Amino acid sequence: MVDVMGQTPEEFEQMLNDQIAAAQMKANAIKALVERLSSARVSGMDGNQDVEVEVNSDGRMTKISIDENAMRGSAEDLERSVMEAYADAGRNMATFVRERVSQDVKDEGGAIEAYAATVEPVLNSLGR
């Protein structure tokens, strides 16, 4: 019988099959994470809770809701409230991305963690 790295051919084949199965599971987890992030929407509010802004995982504003109370102030007050809510939404999305990556890929490193490290500062800078 031929020895392959100290294993029988059958043991070596089983080891390879186990590694392939583990890689497929990791790929499926990363694919699910990417899908979850690409469809994610998170909101933030201004300090008075008169303005709510929703953003996607790229930081693009996808929705804005303005309460009548916000309309009673000046245009500058409304602008400040919108930007405050936008900044809050960005911080909330950065937290969501960080949590999802750490929970879903658990210390796997690589491109998905690099993505999270890249988008987090961008998301945290929204509305500033």
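In this predicted model, arginine 98 and glutamate 120 form a salt bridge through their side chains, with an N to O distance of 2.9 Å. Arginine 98 belongs to helix H2 and glutamate 120 to helix H3, so the contact ties together parts of the chain that are 22 residues apart in sequence. Both partners fall in the intermediate class of accessibility: arginine 98 is partly exposed because its relative accessibility is 39%, and glutamate 120 is partly exposed at 23%. Salt bridges with shared partners also join Arg36, Arg100 and Asp104 into one network.

The structure holds six salt bridges. Aspartate 104 is partly exposed, with a relative accessible area of 21%; the cut-off for buried is under 20%. Arginine 36 is likewise partly exposed, at 34%. Another salt bridge joins the side chains of aspartate 58 and arginine 60, at 3.1 Å from N to O. Here the two partners fall on either side of the 50% limit above which a residue counts as exposed: aspartate 58 is partly exposed at 47%, whereas arginine 60 is exposed at 53%.

Two packed helices are described by the angle between their axes and the distance between the axes. Helix H2 (residues 75-105) packs against helix H3 (residues 111-124) at an angle of about 165°, and their axes are 8 Å apart. An angle over 145 degrees counts as roughly antiparallel, and H2 and H3 are therefore roughly antiparallel to each other. Their crossing is left-handed. Helix H1 (residues 9-39) also meets H2: the axes come within 10 Å and cross at roughly 165°. H1 is therefore roughly antiparallel to H2. In this case, however, the crossing is right-handed.

Glutamate 84 lies in helix H2 and is partly exposed, with 37% relative accessibility. Valine 82 and alanine 114 are 32 residues apart in sequence, and their C-alpha atoms are 30 Å apart in space.

Most residues other than glycine have a negative phi. Glutamine 49, by contrast, has a positive phi, near 60°. This residue is found in the loop between strand S1 (41-45) and strand S2 (51-56), and glutamine 49 is exposed, with a relative accessible area of 59%. Finally, Met61, Ile64, Ile66 and Met71 make a nonpolar surface patch of about 360 Å². One of its members, isoleucine 66, is placed in strand S3 (residues 61-66). Isoleucine 66 is partly exposed, at a relative accessible area of 40%, and thus meets the requirement of over 30% for patch residues.

Methods: Residues are numbered from 1 along each chain as its sequence is written. This is a predicted model: local features need pLDDT of at least 70, side-chain atom pairs count only at pLDDT 80 or more; totals for chains, interfaces and linings use all residues. Side-chain values use heavy atoms; hydrogens and water are left out. Patches are made of residues with over 30% relative accessible area and no salt bridge: like charges are joined within 9 Å, nonpolar side chains (Val, Leu, Ile, Met, Phe, Trp, Tyr) within 5 Å. Accessible areas come from the Shrake-Rupley method with a 1.4 Å probe; for residues, only the protein chains shown count as cover. A salt bridge is a side-chain nitrogen of Lys or Arg within 4 Å of a carboxyl oxygen of Asp or Glu. Helices (H or I, at least four residues) and strands (E, at least two) are DSSP runs, numbered from the N terminus. Buried means under 20% relative accessible area, exposed over 50%, partly exposed in between (1.4 Å probe, protein chains only). Axes are lines fitted to C-alpha atoms, for helices over the stretch in contact, and angles run from 0 to 180 degrees between N-to-C directions. Angles under 35 degrees count as roughly parallel, over 145 as roughly antiparallel, 65 to 115 as roughly perpendicular and the rest as oblique. A crossing is left-handed if the near helix is turned anticlockwise from the far one by less than a right angle, and right-handed if clockwise.
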